[in-house]
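Biologist: Here's one I'd like a close look at. Please walk me through how the inside is packed, and spell out your cut-offs as you go.

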Amino acid sequence: MEQAAGRPVYSSDLYSLGLTAIFLLTGKTPQYLETDSQTGKSSGKKLPDLHSSLTTVIERAIRFHPVDRFSSAKEMESALGEKPIDPSSMPTIAVAPPITPP
């Protein structure tokens with residue numbers, strides 16, 4: 001929202017990164033994300049089974065208010081922890097558009 005208003009901040013890029021991660025993990029674009037019916041905020045709760053710290057980081061990255069997100073990429077990186085997540089330990093999820101017969 002702040003980018004559309006012409007007032008981006010560092011957390012705007014991290015928000016975009018979070019939404020990109022959700023799309024890559026679920027195949028859903030932002031408008032199809034589950035939202036809280038009272039606040040209208042997007043939720044990462046429908047993410048597939050991921051390492052809990054990754055889910056927490058993505059959920060924080062897509063918070064509505066910029067002040068509630070990570071203020072820098074370094075802060076986001078440190079929230080992931082010192083140990084890198086081993087991608088081979090995560091399940092593979094096939095994401096493809098539905099094929100409709102002609």
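Modeller: The protein's accessible surface comes to about 7,600 Å², and carbon and sulfur atoms hold 58% of it (Shrake-Rupley method, 1.4 Å probe; for residues, only the protein chains shown count as cover). Bear in mind that this is a predicted model, where local features need pLDDT of at least 70 and side-chain atom pairs count only at pLDDT 80 or more, while totals for chains, interfaces and linings use all residues. Residues are numbered from 1 along each chain as its sequence is written, and side-chain values use heavy atoms, with hydrogens and water left out.

Now, the layout. You've got three helices and zero strands, so to speak the pattern α-α-α along the sequence, with helices (H or I, at least four residues) and strands (E, at least two) taken as DSSP runs numbered from the N terminus. Of the 102 residues, 23% are buried, meaning under 20% relative accessible area, against over 50% for exposed and partly exposed in between (1.4 Å probe, protein chains only).

On to the inside. A nonpolar core here is a set of buried Ala, Val, Leu, Ile, Met, Phe, Trp, Tyr and Cys residues joined through side-chain atoms within 4.5 Å. The largest one has seven residues: Leu-19, Ile-22, Leu-25, Leu-33, Leu-54, Ile-58 and Ile-62. Two elements, α1 (10-26) and α2 (52-61), each give two or more residues to this core, and α1 has the largest share with three. Apart from it sits another core of five residues, including Leu-14, Val-57, Ala-61 and Met-76.

Stay with α2 for a moment. Its buried residues are Ser-53, Leu-54, Thr-55, Val-57, Ile-58 and Ala-61, and they pack against both α1 and α3 (73-79). An α-helix has 3.6 residues a turn, so residues three or four places apart point the same way.

Over in α1 there's Ser-11, which counts as buried because its relative accessible area is 4%. Skip its neighbours within four places in sequence, and Ser-11 is in contact (heavy atoms within 4.5 Å) with Pro-66, Arg-69 and Phe-70.

How about links across the chain? Among contacts between residues at least 6 apart in sequence, 49% join residues at least 24 apart. As for Ala-96, in the segment after α3, its C-alpha atom is separated by 7.3 Å from that of Gly-27, 69 residues apart along the chain. Ala-96 itself is exposed, with a relative accessible area of 62%.
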